[in-house]
Amino acid sequence: MMHLSYERATTGLLVVDPYNDFISEGGKIWPRIKEVAETNNCVSHMEQVLNTARQVKIPVFFAMHHRYREGDYENWKYIAPIQRLAWNRRSFEYGTWGGEFKAEFVPASGEIVASEHWCSSGFANTDLDLQLKRQGIHKLIVIGLIAHTCIEATVRFAAELGYDVTVAKDAVADYSDEMMHAALVINMPNYASAIVTTEQIVAALTSMEPVAPAA
């Protein structure tokens with residue numbers, strides 16, 4: 001088992017796409033990821049990592065997918081297949097329950113919600129990199145959905161920008177075991193410094209030096 005360590009001043013948690021449509025019963029996409037997500041307890045592990053980050057007081061950031069709005073893409077000349085699917089399904093529709101944060105993941109006061117990404121990377125055409133740099137973040141812990149699309153694209157982009165990335169492999173999910181394997185075993189090891197369990201991340205975070213008392 002690899003040794004993980006984090007420095008409070010440079011570490012942040014990035015939560016990707018905790019929408020009701022993804023991770024709540026009744027969500028449009030939940031039936032497609034339910035089997036994998038329930039097998040690895042993805043949602044409860046996401047909660048565990050988020051709650052630990054809040055307890056140890058490291059910054060929390062959210063990278064949220066663009067929510068469907070009437071008229072999206074209609075005048076675009078080029079639309080990626082994944083965008084066309086989201087358009088046709090009206091995924092994360094703005095103003096609906098499916099396009100809201102699952103209750104357990106509603107940002108707390110002071111937590112940062114980056115501008116919505118239009119495709120898969122939480123960094124592309126958003127202010128996420130700026131928000132992280134403003135707080136001096138260099139190490140990112142990444143959780144959320146979907147392993148082979150938004151998680152992988154965000155991790156790749158983070159590596160390109162020089163971030164050190166940890167992925168919680170049991171706090172992500174996908175449409176199939178094969179897709180999880182491709183993302184976590186074949187692709188992301190090229191970009192993430194660590195792909196580990198929630199248990200390992202929680203242990204590393206709780207072993208950091210305590211917050212210094214106010215003067």
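What gives the most to the lining of the largest pocket, and with how many residues?

Reply: That's H4, with four residues in the lining. Before we look around, keep in mind that this is a predicted model, where local features need pLDDT of at least 70 and side-chain atom pairs count only at pLDDT 80 or more, while totals for chains, interfaces and linings use all residues. Residues are numbered from 1 along each chain as its sequence is written, and side-chain values use heavy atoms, with hydrogens and water left out.

Now the pocket itself. A pocket here is an open set of points on a 1 Å grid over the protein atoms alone, where a 1.4 Å probe fits and protein lies on both sides within 12 Å along at least five of seven lines. The largest one has a volume of about 250 Å³, counted as the space filled by probe spheres set on its points, which are joined across faces, edges and corners. Fifteen residues line it, and Ile29, Ile82, Leu85, Arg89 and Tyr175 are the closest to its centre; a lining residue has an atom within 4 Å of a point. Helix H4 (81-89) and helix H6 (147-160) are the elements that give two or more residues to that lining; helices are DSSP runs of H or I with at least four residues, strands are E runs of at least two, and both are numbered from the N terminus. By type, the lining splits into nine nonpolar, four polar and two charged residues. In that count, Ala, Val, Leu, Ile, Met, Phe, Trp, Tyr, Cys and Pro are nonpolar, Asp, Glu, Lys and Arg charged, and the others, Gly among them, polar.

Next, Glu116, which sits in the loop between strand S3 (112-113) and helix H5 (128-134). Glu116 counts as buried because its relative accessible area is 18% (buried is under 20%, exposed over 50%, partly exposed in between, with a 1.4 Å probe and protein chains only). Its neighbours, leaving out residues up to four places away in sequence, include Tyr19, Met64 and Thr126 (touching means heavy atoms within 4.5 Å).

Rings of Phe, Tyr and Trp (its six-membered ring) pair if their centres lie within 6.5 Å, with planes under 30 degrees apart stacked, over 60 edge-to-face and the rest tilted. The whole structure holds 10 aromatic pairs. In one, Tyr73 and Trp76 have ring centres 4.7 Å apart and planes at 85 degrees, so the pair is edge-to-face. Tyr73 is buried at 5% relative accessible area, whereas Trp76, at 36%, is partly exposed.
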